[in-house]
Amino acid sequence: MRSEVNRTPVFTVEGSKTVSNVLPIDPEAKSYSFDEVLDIVGFGRTTLHIFIASSMVMMAVLNETMGISIIIPASQCDLSLSPTDKGILTGVSFAGIIVSSHFWGYMADTKGRRNTLIVSLLLTALCALVSGLSINFTMMAVTRFLVGVFISAPSATVFAYLGEFFKTVNRTMVITYASVAVGLSAVFTATTGWYVLSFEWSLALPFTDLMLRPWRLLFFVYTLPTLIGAFWLMVLPESPKFYLTRGRESEAFAILMRLYLENHPNATANDFPVKHITPEPGQKDRSVRSSSSGGFYHIASSVWNQTVPLFKRPNLANFLICCAVQFGLFVVSAGMGLWFPDIINRLTTSNVTDVTVCDALDASLSVEATFLEDERISVVATCNDNVNEQVFIYAITLGGLYTALYLAMSVLMRKVGRKCLVAANLFFSGFSGIALQFVDNPFTMVALFCSFLVFAGTSISVLNGTTVSIFPTNVRAMAVCLSLMMGRLGSVFGSNLVGLIMEQNCTFTFLLFASGSIVCAILTLFLPS
C-alpha cells in the first residue's frame with residue numbers, strides 16, 4: 001500500500017504482513033531515498049554472496065560464448081566440419097543473443113531479475129550439455145544457437161541485478177570489480193582446455209553410435225559455472241529495487257529488513273528506521289500499471305511500453321550514446337579480438353625482421369600462398385584435430401591482462417570517475433592501434449596489439465555499469481540488453497570486416513578500428529558523470 005505524506009508519493013511498509021506486525025506505521029516518519037536505505041542496511045554476508053554469484057554468472061557467459069573457439073578445432077574431425085561450418089559455429093551463439101535480447105530485457109524488467117537469471121541459466125546449461133552430445137554439424141549449430149538465445153538474458157540482466165544492491169555512486173565500481181571474472185573466464189577456459197585436450201581417449205556409449213572424447217567432456221567443464229550460478233541464485237533474494245518498481249512494496253521491505261538484521265546482529269526489527277521510501281519519478285504510476293493483466297495485446301503493449309521510454313527524453317541521448325559506444329567497443333575488442341590468435345601466430349612465425357605489423361602479415365600471407373600452391377597436388381589432406389598450444393598461451397595471457405586491468409580500473413575509478421576512465425581507456429586503445437603501424441620490434445608489436453584490444457574490452461563492463469546507473473529501474477535491464485545487442489552486432493560486423501579488408505589493406509584496417517576507439521572515447525564524454 002502507498003501512502004501520501006505532504007503530497008509526496010512514498011512507499012510504506014503498511015502492506016507487509018511480515019513487517020507491519022513489528023513496525024508501527026508513523027505517517028510523519030522520514031521518507032528515505034533508496035540509496036539512503038542501502039546505507040542504513042549496510043554490507044553483509046548476503047550482499048557478498050550476491051557479488052560472488054554475479055561474478056560467477058559473468059564467467060558463465062564468457063565460457064558459453066567464447067569457450068566454443070577452443071572446442072571447435074578439437075571437434076572438427078568427429079563432426080566433419082568444413083571451414084565454413086567452423087565459422088558458423090563460432091558466431092551462431094552471437095546470433096542467438098542478438099535475436100533474443102529484446103525479449104529478455106522485457107522479462108527482466110517485468111518478471112524479475114533473479115527469476116529471469118535462474119530460468120535462463122538452467123536452460124543455457126541444458127542446451128550446452130546437449131551440444132556436447134552432438135553427432136553432426138546441424139545438431140551442434142542448433143544447440144549452440146539456443147545457448148546464445150538463453151545466455152543472452154544473464155549476459156545483460158546480471159549487471160542490473162548486481163547493481164541494484166549497491167548505491168548509485170558505487171554501482172559502476174562494483175560491477176567493474178565483478179568483471180574480473182571476465183579475465184578469469186579466459187584463463188579458466190584456456191587452462192582447463194589445455195589440460196583436458198592433452199589426453200587421448202575415447203569411450204563408446206552403449207546402444208548408440210556416439211563416441212565420447214575429451215572435447216565433449218570440455219562442454220561439461222565449461223558449463224559448471226553456469227550451473228553453480230543458477231543454483232546459487234536460488235538461495236539469494238530478488239532485487240528490492242525491482243519489487244518497489246512493480247508495486248510489491250511488502251516484498252521489498254521484507255528483503256531490506258532481512259539484510260538489515262543480518263548485517264546488524266544486535267538489532268531488532270524495531271530498530272530499522274525506514275518506514276517510507278521515496279520512489280523514483282513516475283515510479284508510482286508504473287506500479288499501478290504493472291498489476292493489470294490481459295492477453296496477447298496486453299503483452300505486446302507491455303513490451304512496447306518498456307521500450308518506448310528509452311527513445312524519449314531524458315533517456316534518448318544517453319541510450320543512443322550507450323548503443324553507439326557498445327557497438328564500437330565490440331567491433332574492436334571482439335571483432336578484431338577473434339582474429340587475435342591468427343594474427344599473433346602469423347607475426348611470431350614469419351621469418352621477416354625489423355618490419356611493421358602489416359609488412360609481417362603480408363609476408364606471412366605470401367609464404368602461405370606459395371606453400372599451398374607447391375603442395376596442392378603432392379600432399380594428401382588429413383584431418384588434424386590437435387589444438388596448437390600457442391592458442392592456450394595467448395588466451396591465458398589475454399585473460400591475465402584483462403584481470404589485472406579490471407582490478408586497476410576498480411581502484412582508479414574512485415579517483416578519476418567512470419566517464420574519464422572509459423575515455424582514457426579508449427584513447428589509449430586508439431593510440432595503441434595507430435602506433436602499431438609504426439613499430440618494428442616484435443615484442444612492442446604484441447604489447448601494442450594486446451593494449452589495443454584489452455583497453456577497449458575492459459571498457460565494456462564499465463559502460464554496462466554506467467548504463468545501470470543512469471537509467472531508471474523500470475527500463476534498466478532493457479537498456480543494458482539492447483545496448484549489448486548492439487555490441488554483439490558490432491562483434492559480428494567487426495570480425496567480418498577484418499576478414500574482408502585485412503588482406504587487401506592492412507594499414508587501413510588497423511587505422512579504421514583505432515579511429516573507432518577514439519570516436520567512442522569522445523562519445524563517452526557526453527554521458528552523465
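Which residues make the nonpolar surface patch of about 660 Å²? The patch is built from Leu133, Tyr195, Phe199, Trp201, Leu203, Leu217 and Phe220. Patches of this kind consist of residues with over 30% relative accessible area and no salt bridge, where nonpolar side chains (Val, Leu, Ile, Met, Phe, Trp, Tyr) are joined within 5 Å and like charges within 9 Å. Accessible areas come from the Shrake-Rupley method with a 1.4 Å probe, and for residues only the protein chains shown count as cover.

The model is predicted: local features need pLDDT of at least 70 and side-chain atom pairs count only at pLDDT 80 or more, while totals for chains, interfaces and linings use all residues. Residues are numbered from 1 along each chain as its sequence is written, and side-chain values use heavy atoms, with hydrogens and water left out.

Helices (H or I, at least four residues) and strands (E, at least two) are DSSP runs, numbered from the N terminus. Phenylalanine 199 has a relative accessibility of 40% and counts as partly exposed; this class lies between buried (under 20% relative accessible area) and exposed (over 50%), using a 1.4 Å probe and protein chains only.

Charged pairs come next. Eight salt bridges are present in the structure, each being a side-chain nitrogen of Lys or Arg within 4 Å of a carboxyl oxygen of Asp or Glu. In one of them, aspartate 39 meets lysine 167 at 3.1 Å, N to O. Aspartate 39 belongs to helix H2 (residues 34–41) and lysine 167 to the loop between helix H7 (137–163) and helix H8 (168–178), so the pair ties together parts that are 128 residues apart in sequence. Aspartate 39 is partly exposed at 48% relative accessible area, and lysine 167 is partly exposed at 23%.

Another salt bridge joins arginine 144 and glutamate 64 at 3.5 Å, N to O. This pair also links distant parts of the chain, with arginine 144 in helix H7 and glutamate 64 in helix H3 (residues 45–66), 80 residues apart. Both arginine 144 and glutamate 64 are buried. Arginine 113 and aspartate 109, also both buried, form a salt bridge with their closest N and O atoms 2.8 Å apart. Asp78, Glu200 and Arg213 are linked in a salt-bridge network.

Finally, aspartate 85 lies in helix H5 (residues 83–110) and is buried, with a relative accessible area of 15%. Apart from neighbours within four places in sequence, aspartate 85 is in contact (heavy atoms within 4.5 Å) with Ser80 and Phe137.
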